[in-house]
Amino acid sequence: MKSAIAAFALTSALVAPGLAAARPVTFTTTLNNYGGDGAYLALYLTDASGGYAGTLWLAGGKSKYYDSLAGWYRATGGDPAQIDGITGASVGAGRTLEITLDLADALFDAGYVLHVDAAVEDMRDSPDDVAVPLTTQGAGKTTQGRRYVASLKYDM
Amino acid sequence: MRIPWIAAACLAALPATVALADDDCHAPRVAWQPREAALQAASRLGWRVEEIEADDGCWEIEGRDAEGRRIKAKLDPATLRVVKLRHRDGDDDRRREDVRAPAAPLAAPPANPLFQNGKPPVVQVN
């Protein structure tokens, strides 16, 4: 039921974006000093039922490596339309990627989860290096990643 | 994060005009020197080749240099000039970080509910 309400709110946001409640949210992803090449990162959301909801950013310039971002690739089939205009360079070890965008309020406290898949040349892939639910209470809190991601947080 | 030889060969077989824009080498297919020539070039540099394959439009070589250090190198397939060389022994690993600013987003992000009012995200790497 909650996801149905969220879906309705999102649909409304698409139909009448001027009326949709949204706020700027900054996602901060800091990488470990893992001693390798720049990391490919996919930041994407799934909804309450685990279905793919959209990509926020994909860091990494060579599409032939996108299948190493296994969770994102499984969800999208590598569809380039999902990342048109939202790709950039890979992110070096120890560096911090900051992404700011207006997100609909309906995405919070509605079962949506932010996933970060990571991959580095000649090193092990790390799907879901970190995954955090999008909640208003979770804002500003830091979550540790498993392999390449030192920390992830979102502020609003 | 590696592509198999067959995929690299298929890429190499494409017309030069459709070569990937972000490839590291850009020689047209007809200008490629054969694998044996690349191996000879590596030998002249004193390298012991353990693996060679086509990658990113280059001949990519893994092996040891004259001092026995592990290396990973890319040769321009037309000139056999070394375009990239990394030493990979422990602390001496010369890692290549992509520290460029993210590519400027296009005017419109994908049409999904995440992007309110069609505004692209603001992205920076620190």
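**Reading the model step by step**

Modeller: Let us begin with a turn: in the hairpin formed by β6(A) and β7(A), with 6 residues between the strands, D122(A) has a positive phi near 65 degrees. Strands here are DSSP runs of E, at least two residues long, and helices are runs of H or I of at least four, numbered from the N terminus. This is a predicted model, where local features need pLDDT of at least 70, side-chain atom pairs count only at pLDDT 80 or more, and totals for chains, interfaces and linings use all residues. Residues are numbered from 1 along each chain as its sequence is written, while chains are lettered from A and ligands numbered from 1 in the order in which they are written.

Colleague: How many bridges link β6(A) and β7(A)?

Modeller: Strands of a sheet pair through backbone hydrogen bonds, either parallel or antiparallel. Two strands count as paired if DSSP finds at least two bridges between them. Here β6 (residues 113-119) and β7 (residues 126-133) of chain A are antiparallel over 5 bridges, and A118(A) sits opposite S126(A).

Colleague: What is the strand order of the open sheet in chain B?

Modeller: Its 4 strands follow the order β1-β2-β3-β4, with antiparallel pairing. β1 (48-55) and β4 (82-87) of chain B are at the edges with a single partner strand each, so one side of each has no neighbour in the sheet. Between β1(B) and β2(B) (residues 58-64) there are 7 bridges, and A54(B) faces W59(B) in β2(B).

Colleague: Which residues touch the most other members of the largest nonpolar core?

Modeller: A nonpolar core is a set of buried Ala, Val, Leu, Ile, Met, Phe, Trp, Tyr and Cys residues joined through C-beta atoms within 7 Å. Buried means that 20 or more other C-beta atoms lie within 10 Å of the residue's own, with C-beta atoms placed from the backbone. Of the 48 residues in this core, A39(A), L41(A), L43(A) and L56(A) touch the most other members. The largest share, 6 residues, comes from β2(A). Apart from it lies another core of 11 residues, including A42(B) and A54(B).

Colleague: What is the mean pLDDT of chain A?

Modeller: pLDDT is the predictor's confidence in each residue, from 0 to 100. The mean for chain A is 87, and 87% of its residues reach 70 or more. Over residues 12-19 of chain A, however, the pLDDT is below 50. Where pLDDT is low, the predicted coordinates should not be read in detail.

Notes: Contact = placed C-beta atoms within 7 Å. Buried ≥ 20, exposed ≤ 12 C-beta atoms within 10 Å, placed from the backbone.
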